[in-house]
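Please open the structure in your viewer and keep the selection panel at hand. The tour moves from one selection to the next, and each stop says what to look for.

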Amino acid sequence: QVQLVESGGGSVQAGGSLRLSCAASGSTYSVNYMGWFRQAPGKEREGVANIYRGSGGTSYAASVKGRFTISQDTAKNTVYLQMNSLKPEDTAMYYCAAGRPTYLRQLVSSAYNYWGQGTQVTVSS
């Protein structure tokens with residue numbers, strides 16, 4: 001089992017920045033990827049960013065590319081999401097996830113086994 005705990009959410013004005021953190025514990029050797037997903041009211045959960053734990057390679061949703069950066073500290077089993085130039089449409093509950101998705105399913109929520117409790121991000125105009 002893998003336990004994930006997110007932190008760093010909050011409220012910010014449009015154009016501002018936040019950094020989310022996800023601390024992993026337990027059987028972290030059993031997962032190859034970690035990622036961030038988000039879900040706004042009335043919308044499906046969508047993949048935001050993903051990182052391959054071995055190489056540090058990353059993937060991003062088109063809507064956040066150039067604004068968000070995912071990174072990791074492997075020694076601490078911690079993944080981060082730096083969010084810059086935030087927009088109101090970024091408002092959502094953000095979830096950290098871990099698993100072993102296939103290459104083509106890196107940003108598909110059903111491909112992940114473990115999930116954190118979520119942290120709310122609210123961006124006002």
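The stops below cover a group of salt bridges and then a cavity.

Before selecting anything, bear in mind that this is a predicted model. The count of salt bridges comes to three, and the tour begins with them.

**First stop: Arg38 and Glu46.** Select Arg38 and Glu46 and show their side chains, which meet in a salt bridge with a distance of 2.7 Å from N to O. How exposed or buried is each partner? Glu46 is partly exposed, with a relative accessible area of 34%, whereas Arg38 has 5% relative accessibility and counts as buried, because buried means under 20% relative accessible area.

**Second stop: Arg38 and Asp90.** Arg38 lies in strand β4, residues 33–39, and Asp90 lies in the loop between β8 and β9 (92–99), so the pair ties together parts that are 52 residues apart in sequence. Both Arg38 and Asp90 are buried.

Now leave Asp90 in view and select Arg67, which forms a salt bridge with Asp90 whose closest N and O atoms are 2.7 Å apart. This pair, too, links distant parts of the chain, with Arg67 in the loop between β6 (58–60) and β7 and Asp90 in the loop between β8 and β9, 23 residues apart. Arg67 is buried with a relative accessible area of 11%, and Asp90 is buried with a value of 0%. If you now display Arg38, Glu46, Arg67 and Asp90 together, you have one network, joined by salt bridges that share partners.

Which residues line the largest cavity? Select Met34, Arg53, Gln72, Asp73, Thr74, Asn77, Thr78 and Val79, which form its lining. The structure holds one cavity of 30 Å³ or more, and the largest cavity has a volume of about 30 Å³. Colouring the lining by residue class instead shows two nonpolar, four polar and two charged residues.

Conventions:
Residues are numbered from 1 along each chain as its sequence is written. This is a predicted model: local features need pLDDT of at least 70, side-chain atom pairs count only at pLDDT 80 or more; totals for chains, interfaces and linings use all residues. Side-chain values use heavy atoms; hydrogens and water are left out. On a 1 Å grid over the protein atoms alone, a cavity is a set of points where a 1.4 Å probe fits but cannot get out, and a pocket is an open set with protein on both sides within 12 Å along at least five of seven lines; lining residues have an atom within 4 Å of a point. Grid points are joined across faces, edges and corners, and a volume is the space filled by probe spheres set on the points. Ala, Val, Leu, Ile, Met, Phe, Trp, Tyr, Cys and Pro count as nonpolar, Asp, Glu, Lys and Arg as charged, and the others, Gly among them, as polar. A salt bridge is a side-chain nitrogen of Lys or Arg within 4 Å of a carboxyl oxygen of Asp or Glu. Buried means under 20% relative accessible area, exposed over 50%, partly exposed in between (1.4 Å probe, protein chains only). Helices (H or I, at least four residues) and strands (E, at least two) are DSSP runs, numbered from the N terminus.
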